[in-house]
Amino acid sequence: MHDVIIIGAGPAGLSAARWCDELGLDTLLLEQAEQVGGQLHKIYNPIPNYLGLDAENGQQLLDRFNDSVQASEFDQWTGVSIESIDLRAKKILLHSGEQLQSIAIIIATGVRRRELGIEGEKEFAGKGVIESGARDKADLSGQDVCVIGGGDAAAENALSLAEVCPTVTIVHRGRKLRARREFTEQLTTNHCITVFPESVVTRILGSDRVEAVEILRKEGLKPFQLAVRSVLIRIGVEPNSDLFREQLTADEKGYISISAEQETSVPFVFAIGDVSNPTAPTISSAVGAGATAAKVIASRLNARTVSKYGRS
Ligand SMILES: Cc1cc2nc3c(=O)[nH]c(=O)nc-3n(C[C@H](O)[C@H](O)[C@H](O)COP(=O)(O)OP(=O)(O)OC[C@H]3O[C@@H](n4cnc5c(N)ncnc54)[C@H](O)[C@@H]3O)c2cc1C
């Protein structure tokens, strides 16, 4: 029996674990990946907006996070697969057969990139369907590229790739780009970038690697093919809440509903970070939410109120 089990070891889960430990709670942190860090592993650009640390990329910030938790005494299990969970009873069954129980559960499972679900998307992963514009920019030099999506991530990547690619074509569903004005203004004046609004990519085509995308501009019209060597898909994210959805309240997209104390509709089950934050998902808010949940749990359990480090 643990005081707290935290599911997910991104910035939110790591922060919660650090705080729970400091507040004297017996804490177990479960992570499905082999390494902790969550989305930090996917950030290849500088992170100038996490106060106090001007990290060059996600890995550098993660190194600092790991330094911070090194002295903590919480248990940390990686490569863990949860078979089932009973949120009311606070019981977790792992794929390995192991049963876990706690007084409180913190869900910190973050988000995953949305997939298009079209032909060629999976087949050409790593063979022209790229993971990150920032990481792969040098390799894409001289290539014609298609960016799918109309938000900040799509626009920012398109602008960055246009510095090295002869043509960048943005294909997006909406009538207008959703990206912030700072990006859209630059897009309209960049001669390398073409935007196809109200359009969808229906197939990614090629033999050994990506050679073209098939674009449908309007229902009823014939799709046409555009020759490209690489495709970047940035159509948003979805919360990793499938495991819990039937047991608690969530919005229509699956983001877990929480109170100001980060508590879900199930008493003593908390949700922190991107999985419960559709409006402003950031590292800062994830880390802050971790602290809030830990403090609320500690005060409710009336645990050892004086922390190991002297603060109350
Ligand atoms: C390219 C990119 C650039 C970004 N740039 C910035 C930036 O400049 N500034 C900023 O503030 N934010 C930035 N972000 C967003 C930031 O990374 C996220 O807001 C932050 O990582 C959210 O932390 P989290 O802990 O809530 O979730 P995540 O980082 O998503 O971590 C969730 C963790 O939970 C694990 N998990 C999921 N399901 C399970 C399960 N069933 N069992 C066990 N573990 C599970 C996942 O494997 C993952 O490790 C960026 C994100 C990306 C992708």
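I count rings of Phe, Tyr and Trp (its six-membered ring) as a pair if their centres lie within 6.5 Å; planes under 30 degrees apart are stacked, over 60 edge-to-face, and the rest tilted.

**Ground rules.** My model is predicted, so I ask for pLDDT of at least 70 for local features and 80 or more for side-chain atom pairs, while totals for chains, interfaces and linings use all residues. I number residues from 1 along each chain as its sequence is written, and my side-chain values use heavy atoms, with hydrogens and water left out.

**Aromatic pairs.** I searched the whole structure and found two aromatic pairs.

I take helices (H or I, at least four residues) and strands (E, at least two) as DSSP runs, numbered from the N terminus.

I then looked up burial (buried is under 20% relative accessible area, exposed over 50%, partly exposed in between; 1.4 Å probe, protein chains only). Tyr-50 is buried at 15%, and Phe-65 is buried at 11%.

Next I turned to Phe-196 and Phe-224: their ring centres are 5.8 Å apart and their planes at 90°, so I note this pair as edge-to-face. Phe-196 belongs to strand S11 (residues 193-196) and Phe-224 to strand S14 (residues 224-227), 28 residues apart. Phe-196 is buried at 14%, whereas Phe-224 is partly exposed at 28%.

**Charge over a ring.** I wanted NZ of Lys or CZ of Arg within 6 Å of a ring centre and within 35 degrees of the ring normal. The charged end of Arg-300 sits over the ring of Phe-268, 5.4 Å from its centre.
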